[in-house]
Amino acid sequence: MKTNKPQLTIAVSALNAIDSPGPGVPVIRGLREAEKFNCRIIGLSYESLEPGIYMHDLVDKTYSIPYPSSGMDALMERLQYIHDQEKLDLIIPNFDSELYSFIKLSQRLKKMGIQTFLPTHEQFEERQKINLPSFGEKYGLLVPRSKAVYTISETAALDRDYGWPLVIKGKYYDASLAYNHEQVKANFNRISAKWGLPIIVQEFVHGTEYNVTGLGDGEGNVVAAVPMRKQYITDKGKAWGGISIDDRKALALNKKFVNETKWRGPYELELMKNKSGDYYLLEINPRIPAWIYLAVGVGQNIPEALVSLAMGWPTEPYTHYEVGKMFVRYSWDMIVDLAAFEQISTQGEL
């Protein structure tokens with residue numbers, strides 16, 4: 001290991017790598033390939049079977065942290081303990097559901113010497129799925145019609161307004177198509193049981209799905225941006241394969257989003273291009289996506305740039321990326337000692 005680079009201790013969450021994988025492992029891969037610094041990686045886990053816990057070539061040590069539903073005081077107490085052990089320089093949270101707490105705690109963490117680089121509370125709330133129609137109107141972006149509902153009865157007439165199919169979404173995660181009222185009811189019950197209310201019922205836009213991942217500096221400038229077209233989509237709607245593309249219209253929309261909102265931190269724009277070539281903004285995810293390693297692989301190491309911004313270092317925007325590069329996700333079996341699973345389950349660290 002070279003000693004002339006800064007040595008940072010960085011905590012990263014979302015170490016799950018199931019059929020709906022978290023961004024943690026690919027974020028760590030990007031950090032391990034950083035040119036500006038060396039790093040010790042501290043994993044933050046919610047469940048004992050998150051595969052990243054046991055990837056000791058990527059994660060130096062892992063600590064369990066309380067679920068967001070436990071409240072900010074419980075989280076802060078745990079982070080204080082971890083900081084006492086590890087002397088954290090930076091935390092990169094990667095789950096939508098935990099971001100509210102980390103945004104609220106960011107100033108307290110900063111006083112402890114722990115940096116973050118997250119959207120403001122106003123930015124986080126403004127782009128919520130329930131607020132997307134007003135967001136689109138405010139910033140002049142096309143968005144599908146949608147409505148936040150709290151009861152099944154509120155969905156009854158939406159098919160007449162939006163047509164079939166309808167997109168049924170959870171407030172944080174999950175989305176399913178419904179082609180009739182029975183499917184609306186089934187998806188409403190399934191998603192609300194897992195993620196709570198409200199449920200968002202959205203108009204379905206026919207077309208081709210694209211995604212842009214990027215990084216804003218908080219001053220209205222785009223530090224990084226890579227668009228991708230999904231090549232293979234799982235039954236959960238997740239990209240299992242994708243290709244980097246040169247799409248000037250998508251990049252122009254991305255620039256408009258960052259310039260006008262002055263977005264701070266990483267993000268993912270989910271877009272649908274209709275038959276007329278118009279882009280509809282389906283969602284704004286306020287964190288790094290699980291396919292981030294494609295961006296690293298085509299020349300824009302967004303995790304490294306995020307760390308650079310968080311640490312206050314001079315950070316030049318990326319101006320180029322390779323087009324026509326694909327990522328293909330795969331799974332493999334790790335052999336893990338039962339003792340390791342027992343340790344993280346009982347002691348909360350490994």
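Predicted model: local features only at pLDDT ≥ 70, side-chain atom pairs only at ≥ 80, totals over all residues.
Reader: What percentage of the residues of the protein count as buried?
Author: A residue counts as buried under 20% relative accessible area. Applied to the 350 residues of the protein, this criterion gives 54%.

Reader: Which residues of α7 are buried, and why do they line one face of the helix?
Author: Helix α7 covers residues 181-195 and reaches 21 Å from its first C-alpha to its last, close to the 21 Å expected. Seen down the axis of α7, the buried residues fall within an arc of 120°, so they line one face. On the other side, E182, A193 and K194 are exposed. The buried residues are V184, N187, F188, I191 and S192.

Reader: Which strands do the buried residues of α7 pack against?
Author: Packing here rests on contact, that is, heavy atoms within 4.5 Å. The partners of the buried residues of α7 are β5 (146-149), β6 (166-169), β7 (175-178) and β8 (199-203).

Reader: Which residue caps the N-terminal end of α7?
Author: At that end, a side-chain oxygen lies 3.1 Å from the backbone nitrogen of E182. After α7 comes G196, with a positive phi near 85°. The residue that caps the N-terminal end is N180.

Technical notes: Residues numbered from 1 in each chain as written. Heavy atoms only, no water. Helix = DSSP H or I, 4+ residues; strand = E, 2+ residues; numbered from the N terminus. Expected span 1.5 Å × (residues − 1). Buried < 20%, exposed > 50% of the residue type's maximum accessible area, 1.4 Å probe, protein only. Arc of directions from axis to C-beta. Polar contact = N/O pair within 3.5 Å; in protein donor to acceptor, adjacent residues only side chain to side chain.
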